[in-house]
Amino acid sequence: MSSDLSQVHINELSGRFDRQLSEIQRPEDVDLLRRDWLGKEGAIKELFKKLRDVPVEEKPTVAAALNQLKERVESELETKDEGFKSKTLLKQLEEQSLDLSLPEAGAPLGAVHPVTIVEERITTLLRPFGFQNVNGPEVETDYYCFDSLNIPKHHPARDMQDTFYTETGHVLRTHTTSVQARILQQRSLFENKKLPIKVSSLGRVYRNETEDASHTSMFHQYELVWVDEGLTLSHLLGLITHILKDLYGKRRKVRFVPKFYPYTEPSIGPQIDCSVCKGEGCPSCGNAGWVTVGGAGMIHRNVLSEFGFDPDKVSGFAFGLGTSRLAGQMYNFPHLKSVYDNDLRVLKEIV
Amino acid sequence: MKLQVRLLEKFIELPECSVETAARSPLRHLLDDIGLEVKNTEVFPDKGIVFTIETLANRGDHLSVQGVAREISARTLTHVKVPTMAAKLSERKAGIPVRRVTDKCPRYALLEMSLPHEMPLRNDVAAYVDEPGKHPAIVDLLNYVQKESGQPMHAFDAERLDGEVMIDLTTKPEQIEALDGKTYTVPEASVVIRDRKKIVAVAGVIGCANSMVTSTTKKVFIEAAVFDPTSVRVTARAMGLSTDASHAFERGVDPEGIPAALKRLVFLAEGSAGTIHGAESAHALGYTYSESVPAEKRKVSTTLNHIRKELNMPRLEEVEIVTRLKHLGYSVDAVALGKDKQFNLVVPSWRLWDVRNPEDVVEDVARSVSLNRMRPELPPLDYEAPPRNPMEILSARICPALVGNGFFEVITNGFYSAADVSVLEGLHRGTSARHMALKNSLDASNSHMKITDVLHFTKLLGLSRKRGVRAPKVFEFCRLFEKPSEPVSDEPRERDPLDYNYERDVLCFASAGRWSDVEWRKGESLEEHARLFKGVVAAIIKSIGGAFSVGKSEERFLHPGMQASIKIGRNVVGFFGVVHPTIREACDMKEEVFYGELDAKLLFKFMNKVEAPAVSDLPPISRDVTLKIDPKEQAGRVLRIVHESNLESLAEASVIDDFRKQEEAFRRVTYRVTFQRSDRTLKHEEVDASVTMLLDTLKTKHGIEMI
């Protein structure tokens with residue numbers, strides 16, 4: 001066997017590699033050492049060339065020893081490389097920094113209006129019952145806003161809703177109930193009186209008032225209408241209770257007081273216990289302990305008849321909520337007008 | 001209505017209500033529960049507890065203590081005490097004839113009474129009269145009896161009436177001097193009471209000074225009548241008056257209540273001598289009663305099972321229902337109807353104004369039983385969710401794009417003032433004619449329906465800046481209104497969801513100040529703000545699955561040189577740009593405002609389903625070309641030409657630079673065109689050939705050259 005490939009010589013080479021490796025101080029010297037040992041002209045390559053001169057019976061032992069040396073050199077060089085890289089990275093990390101306490105850039109998120117939030121919440125609540133949202137005009141005729149809803153001209157009930165009249169002889173809708181009239185008519189004239197009718201209408205309504213903190217000439221309502229066979233007053237009470245408990249919380253108490261609306265009979269006023277005094281009575285609830293949150297009732301037979309529905313076979317109910325008031329209560333606006341102040345300093349806190 | 005608890009107690013036994021706890025007393029809750037909602041509670045040393053009650057517009061019978069007592073009796077099942085009254089009125093007719101020449105007065109009674117030299121008010125009446133002694137005692141008595149019974153009455157000084165009482169209609173507007181000393185014009189077709197020479201009262205509204213009683217009046221004619229509610233209301237409104245009498249007549253008084261009210265009056269007037277030492281009595285001298293038709297005996301029927309079903313109270317006893325209805329004044333005849341019971345009811349005269357149908361009876365039972373004793377039952381759920389309407393769909397898709405870009409939703413008024421309209425008219429003659437004016441607005445700032453949100457938004461952004469908001473950005477889904485140039489039919493028609501006659505749904509959005517809220521960063525230039533604002537337009541259109549381009553626009557409320565239309569395909573769906581300086585000045589806004597408006601109906605029409613696009617993993621090849629562009633030319637128009645040139649394998653084209661040297665009469669706009677295929681890798685030679693072809697087209701067809 002060639003003395004160059006004796007185990008002794010291989011051990012010597014290994015020792016020499018260890019010494020050279022230990023002397024390396026700079027990362028670029030690792031590459032030089034790699035070239036000297038593993039390059040095309042490197043020491044290990046040269047040894048492998050001489051393997052062909054080794055007797056056949058010794059070749060496996062010698063080859064194994066050479067491979068072992070090669071693997072060790074590769075591994076040690078890799079380790080040395082990694083060592084230098086991590087030192088460099090550590091130094092780099094120590095030197096770099098970013099002040100993340102500085103203000104964020106870009107436009108912060110905006111938000112939808114609290115009234116929209118309330119509307120979406122009610123819509124989500126009503127969808128499982130099959131209520132479909134529909135739109136209607138805000139510039140209405142007397143017929144849809146009053147006459148068809150059992151509110152004849154000169155009836156005292158018109159006092160309940162001070163009305164804007166346009167120069168074209170129209171009115172600004174005083175309630176979303178006008179949409180109810182339109183839907184009943186559509187269903188009657190164009191859809192063969194198909195039942196059930198389950199719709200909700202929401203949006204702006206107008207009252208001709210002198211504006212102050214608690215009176216605005218425009219505000220929002222949300223109304224649902226259900227017409228079908230077999231609907232009763234107790235169904236209406238059940239649905240309202242469900243809605244109010246969901247909106248205000250299950251622990252809140254709900255009660256009903258008789259009311260009068262020309263388009264419903266019987267008419268009811270749903271109330272919840274006052275959130276300020278918990279039903280004990282305080283100035284904000286007029287010492288009643290209760291706050292009215294909407295109006296409701298069974299659709300008046302005159303309204304059903306007006307649109308061709310037989311009130312002896314078909315019944316229906318309607319429930320309206322003041323979404324502006326509801327938004328005010330939910331977000332603690334001091335009064336109705338402040339809901340419509342559009343103060344961006346306030347709205348950005350209600351994201 | 002003011003309700004004295006002490007007076008109510010004279011008519012019915014009441015639940016506990018002490019001075020200390022009146023506002024939270026069982027009586028107060030009972031009143032609320034039967035539909036007589038207490039709005040205010042006051043305690044007076046002389047009158048005791050007084051509730052202010054909100055009465056219902058269809059219940060004239062609630063405008064009396066007896067009416068309230070009846071409602072309580074149906075709940076508590078105690079009986080209403082009938083007040084003492086004179087046994088009869090008079091055998092003789094009143095001293096002057098009564099003529100009714102209009103059917104708007106179905107009942108009219110005239111009671112002639114002599115008054116003593118002095119007639120002090122009885123103590124048991126004086127305690128319930130507002131400011132006793134201010135008016136002659138007979139007037140106080142009339143007011144008191146109205147308070148008890150709900151029947152308005154009026155006293156004429158007999159010596160000041162000339163010859164007769166005629167219930168007449170005016171044929172032209174006439175002037176009167178009323179009891180309150182003011183002069184009013186009574187409109188045409190109003191019911192009035194005349195003697196032979198003059199109007200002495202406006203029926204159901206107010207008496208005239210020419211026949212009013214004074215402290216020296218010796219003889220009076222007391223009028224008690226039933227007037228047509230609508231007629232009274234129209235007249236009172238036209239005169240700008242609302243009196244206790246008109247309030248009652250408008251809601252309907254008991255058509256059979258006249259004799260009882262007058263008998264009570266006679267009892268109290270004649271009885272004064274017996275209750276007050278030394279007092280003389282008044283005496284009834286004559287009585288005339290006239291009616292056009294007998295009072296209706298209205299019949300309504302319903303069944304036991306119907307009431308039980310409506311209230312969801314299957315065990316509600318027949319006897320309870322019948323008893324409560326009788327306490328309300330119904331006469332009830334219950335007859336078997338198979339396994340059910342039919343109630344044949346005769347409606348009490350004081351309820352003829354509001355009870356007509358079975359539902360009214362159900363309401364009366366529910367009210368007397370208490371709505372809160374009913375068992376609410378949830379109707380069945382519908383497992384099929386209904387389709388969403390167009391505005392819901394648009395809002396759900398667009399709002400995140402706006403909110404994500406820092407826009408806040410606001411809600412502005414639907415109208416503005418005449419001064420606002422003048423500003424718009426100043427920018428474009430004829431604009432005011434497009435506005436729909438309101439005829440009766442109480443507030444001058446609400447005189448016209450808005451045709452644009454640009455005024456509200458500019459004012460709001462200006463206010464926000466003054467409030468210290470650095471980067472105000474707002475949006476609103478709202479309606480804009482416009483008076484049609486030609487008449488529009490309001491006849492019913494099959495309607496699309498967003499189809500209206502006088503209004504349209506729009507999305508408006510605006511920004512001012514800096515784009516980013518962060519103060520330490522430098523604010524954007526106008527150009528940069530414009531690009532950021534345009535980015536929001538892109539985000540909105542992208543959110544509905546579309547792409548847009550801009551075109552020329554001539555919106556009068558925007559800066560003429562800083563605006564563009566927003567197009568989807570070839571369809572204009574809106575516009576955006578910088579608000580006109582005149583509007584800014586009118587709105588006291590110093591900074592530039594960007595405003596955009598999109599038509600919701602068109603957005604919905606061009607909305608697309610958003611789907612994952614096919615993408616290529618093969619390498620794209622780009623070429624940048626810088627073109628000479630006229631300073632007035634829109635770089636986007638050239639970009640559209642590039643897009644529409646149908647270059648093979650063109651994947652994307654965009655503007656990457658816009659630069660102008662001072663000494664050059666043109667802009668240098670650099671476009672990047674990128675080519676890519678998904679089936680094979682493109683060769684550079686192919687791309688270069690395409691670019692050459694593009695440049696040839698630009699030069700030969702559009703006169704645009706490369707630098």
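In the domain assignment of chain A, domain 1 covers 3-95 and domain 2 covers 114-350, the bounds being those of an automatic or database domain assignment. The C-alpha centres of domain 1 of chain A and domain 2 of chain A are 87 Å apart. The model is a predicted one, in which local features need pLDDT of at least 70 and side-chain atom pairs count only at pLDDT 80 or more, while totals for chains, interfaces and linings use all residues. Residues are numbered from 1 along each chain as its sequence is written, and chains are lettered from A and ligands numbered from 1 in the order in which they are written.

The partner of β6(A) is strand β7 (residues 264-273) of chain A, with which it pairs in the antiparallel sense over six bridges, pairing being assigned if DSSP finds at least two bridges between two strands. V254(A) has I272(A) in β7(A) as its bridge partner, and a hairpin of four residues joins the two strands, β6(A) and β7(A).

Most residues other than glycine have a negative phi, and most peptide bonds are trans. A cis peptide bond also joins L195(A) and P196(A), with omega about -5°, and P196(A) sits in the loop between α7 (177-190) and β4 (197-206) of chain A. N332(A), in the loop between α10 (323-330) and α11 (336-339) of chain A, is not a glycine and yet has a positive phi, near 55°. Because N332(A) has 8 C-beta neighbours inside 10 Å, it counts as exposed.

Turning to chain B, the domain assignment gives domain 1 (2-76), domain 2 (98-291), domain 3 (299-373), domain 4 (390-487 + 496-605) and domain 5 (621-702). The C-alpha centres of domain 1 of chain B and domain 4 of chain B lie 53 Å apart.

In chain B, the axes of helix α11 (residues 318-327) and helix α12 (residues 358-369) come within 10 Å and cross at roughly 100°, where axes are lines fitted to C-alpha atoms, for helices over the stretch in contact, and angles run from 0 to 180 degrees between N-to-C directions. The two helices, α11(B) and α12(B), are therefore roughly perpendicular to each other, a description used for angles of 65 to 115 degrees, with those under 35 counted as roughly parallel, over 145 as roughly antiparallel and the rest as oblique. I321(B), R324(B) and L325(B) in α11(B) meet D364(B), V365(B), S368(B) and V369(B) in α12(B), contact requiring C-beta atoms, placed from the backbone, within 7 Å.

Finally, where the chains meet, the contact takes 97 residues from chain B and 80 residues from chain A.

Notes: Two residues are in contact if their C-beta atoms, placed from the backbone, lie within 7 Å. A residue is buried if 20 or more other C-beta atoms lie within 10 Å of its own, exposed if 12 or fewer, and partly exposed in between; C-beta atoms are placed from the backbone.
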